Amino acid sequence: MLDFFTIFSKGGLVLWCFQGVSDSCTGPVNALIRSVLLQERGGNNSFTHEALTLKYKLDNQFELVFVVGFQKILTLTYVDKLIDDVHRLFRDKYRTEIQQQSALSLLNGTFDFQNDFLRLLREAEESSKIRAPTTMKKFEDSEKAKKPVRSMIETRGEKPKEKTKNSKKNKGAKKEGSDGPLATGKAVPAEKSGLSVGPENGVELSKEELIRRKREEFIQKHGKGMEKSKPGKSDAPKDKGKKAPRVWALGGSANKEVLDYSTPTTNGAPEVAPPEDISLIRGTGPGGQLQDLDCSSSDDEGATQNSTKPSATKGTLGGMFGMLKGLVGSKSLSREDMESVLDKMRDHLIAKNVAADIAVQLCESVANKLEGKVMGTFSTVTSTVKQALQESLVQILQPQRRVDMLRDIMDAQRHQRPYVVTFCGVNGVGKSTNLAKISFWLLENGFSVLIAACDTFRAGAVEQLRTHARRLSALHPPENHGGRTMVYLFEKGYGKDAAGIAMEAIAFARNQGFDVVLVDTAGRMQDNAPLMTALAKLITVNTPDLVLFVGEALVGNEAVDQLVKFNRALADHSMAQTPRLIDGIVLTKFDTIDDKVGAAISMTYITSKPIVFVGTGQTYSDLRSLNAKAVVAALMKA
């Protein structure tokens, strides 16, 4: 049973609607428009909203959308056929009204389609019922029935395959190790023959002893040359002196006094950093203002200059034919026209580190968007598909919600509470390092930061944050801010409950008047259920304002698996009725991938969440905001 079936234009005018139940279809259809149609996620023709499943079909020639909705628990096999039949009949019946392409004509038009729809629905339901049930396979049709009976009879204790293999091995053994009379005689297995084997007279060798003798003969025969080729090694110790270890700059030392961390330290005790460290770690860029990500490189300019040179040497006639090649003309695009171009685009996206499943869905979305669309006279299939794909990628990288941390922090200040950010992710992606970069960015904008050391599992995690806090305090000493402590590290050591430490840190920040609390968590794999339960507990208990997933730009298909399982684990292990999921993404190690920026597309497509920060280096100022057009330009570059 269908809940509703509606037909509307891409401009938002509802042409006809069928209501199977009393509930309104406005909410599910608006969710479909916001989440799928406007976000260029049309690779799959089905969409789930609460308890309903929505299936849709786009008519790009007449700018129409056909949507059917039914209960998610039902399995209706005739829905696809019904959409195709309704689409075909409605388009043919009201072609003249739709072709006028004006909103006034669509509003004044009368689309009396109720009786036709009910007839098509009845035919589709009956066609699904009269399908013949699948019959079971008979024994006569199986492969076993075709074998002769003799091939399936086995004699007790007889193994034909092994017997033939053993006879071949024994024949070869006798040819190699027997005397003259035995070599010319009939082949008899060594275990069953009473004749002597080898130079010993009257001694019968077992199979293991025979193999050992052959191995010894082989070593004696071929080992002499090997021994000659190997130079002799002297056992005398070398008289050379030991090489002195090289001492690297800023590499630390092995002195006992330097490595002794047993001295108890209090929370947030500021330590003075040497001046040479400060100039190295700060960086040269402006810290208070995030610059847009620049994906272009110096190689691009040389490539463009080289590409323009051979084009000037081409003949005029060849250039004209090359320009006219592949023109579509005034005809509608079909899937056959776009198939070869989409295959190349899909392979190109995968080569640029986009996850394979997402590359397929993107190309399918572009095909659904362009199928049936009438092209201009001087338009090629390649340029049309490429332009549509670029528009889709830009739309994907600009998701529904935009995270503005500075505005949200100022709003939290008006309510006299700290703004809490939790960092999560897998091991080794750079959570602590990028937490320090974001701390520096907040300090440059005048906000005080409290760092909560909730990674109580990894050895050295607290010491790493302590070093960052010391260096950030040296960059922003209290005397430059009227005696106010700008950076503070809240730590409780190792082996403690991370959720409890975060709760104490937030309460401490509220009492001391800190503006922002940055919670560092332990790295965990997405399949580790106990650690994912602990992370869900930390987020549920402390309710942070922002949950950032930290992922590296080097991953391909793994990015999809990480984000899907992190969101699923947070939802499954949360005790809240509406579980808190990931709010944004921090993309790290972006300076190591050149133009293979596909991880940004994969992460944004799978979560519909924005990329808030991009890490591009090893200094505190190497933090950027995502520039969608620059990323898409690098992604589409050949």
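This is a predicted model: local features need pLDDT of at least 70, side-chain atom pairs count only at pLDDT 80 or more; totals for chains, interfaces and linings use all residues.

Trainee: Let us begin with salt bridges. How many salt bridges does the count come to?

Mentor: Start with the general idea. Side chains of opposite charge can pair when their charged atoms come close. In this model the count comes to 29 salt bridges.

Trainee: Show me one. Which residue does E491 meet in a salt bridge?

Mentor: E491 meets R466, at 3.1 Å from N to O. Now place the two partners in the chain. E491 sits in the loop between β9 (487-490) and α19 (498-512), while R466 belongs to helix α18 (residues 461-475). The pair links distant parts of the chain, 25 residues apart.

Trainee: Is E491 buried or exposed?

Mentor: Check the relative accessible area, where under 20% means buried. E491 has 10%, so it is buried. R466 has 19%, so it is buried as well.

Trainee: What about the pair K637 and D595? Where do K637 and D595 lie?

Mentor: Their side chains form a salt bridge, with 3.9 Å from N to O. K637 is in the segment after α23 (628-636), and D595 is in the loop between β12 (584-588) and α22 (598-607). The bridge therefore ties together parts that are 42 residues apart in sequence. K637 is partly exposed at 25% relative accessibility. D595 is buried at 12%.

Trainee: Next, helix pairs. At roughly what angle do the axes of α14 and α15 cross?

Mentor: Look at the axes, then at the residues in contact. Helix α14 (residues 356-370) and helix α15 (residues 381-396) cross at roughly 120°, and their axes come within 10 Å. The crossing is right-handed. On the α14 side, L362, V366, K369 and L370 make the contact. On the α15 side, the contact residues include V385, A388, L389 and I396. By class, the contact has 8 nonpolar, 2 polar and 2 charged residues.

Trainee: Now a single helix. Which residues of α16 are buried?

Mentor: In helix α16 (residues 405-414), M405, D408, I409 and A412 are buried. Look down the axis to see how they are arranged. They fall within an arc of 100°, so they line one face of the helix.

Trainee: What covers the buried residues of α16?

Mentor: The cover includes β7 (419-424), α17 (431-444), β10 (516-520), β11 (546-552) and β13 (611-615). Just after α16, find Q416, which takes a positive phi of about 55°.

Trainee: Last, the loop residue. Where is S332?

Mentor: S332 is in the loop between α12 (316-324) and α13 (335-351). Its relative accessible area is 35%, so it is partly exposed. Now compare sequence with space. S332 and L370 are 38 residues apart in sequence, yet 8.8 Å apart in space, C-alpha to C-alpha.

Trainee: Leaving aside neighbours within four places in sequence, which residues is S332 in contact with?

Mentor: D337, G372, K373 and V374.

How values were computed
Residues are numbered from 1 along each chain as its sequence is written. Side-chain values use heavy atoms; hydrogens and water are left out. Axes are lines fitted to C-alpha atoms, for helices over the stretch in contact, and angles run from 0 to 180 degrees between N-to-C directions. Helices (H or I, at least four residues) and strands (E, at least two) are DSSP runs, numbered from the N terminus. A crossing is left-handed if the near helix is turned anticlockwise from the far one by less than a right angle, and right-handed if clockwise. Contact means heavy atoms within 4.5 Å. Ala, Val, Leu, Ile, Met, Phe, Trp, Tyr, Cys and Pro count as nonpolar, Asp, Glu, Lys and Arg as charged, and the others, Gly among them, as polar. A salt bridge is a side-chain nitrogen of Lys or Arg within 4 Å of a carboxyl oxygen of Asp or Glu. Buried means under 20% relative accessible area, exposed over 50%, partly exposed in between (1.4 Å probe, protein chains only). The arc is that of the directions from the helix axis to the C-beta atoms.
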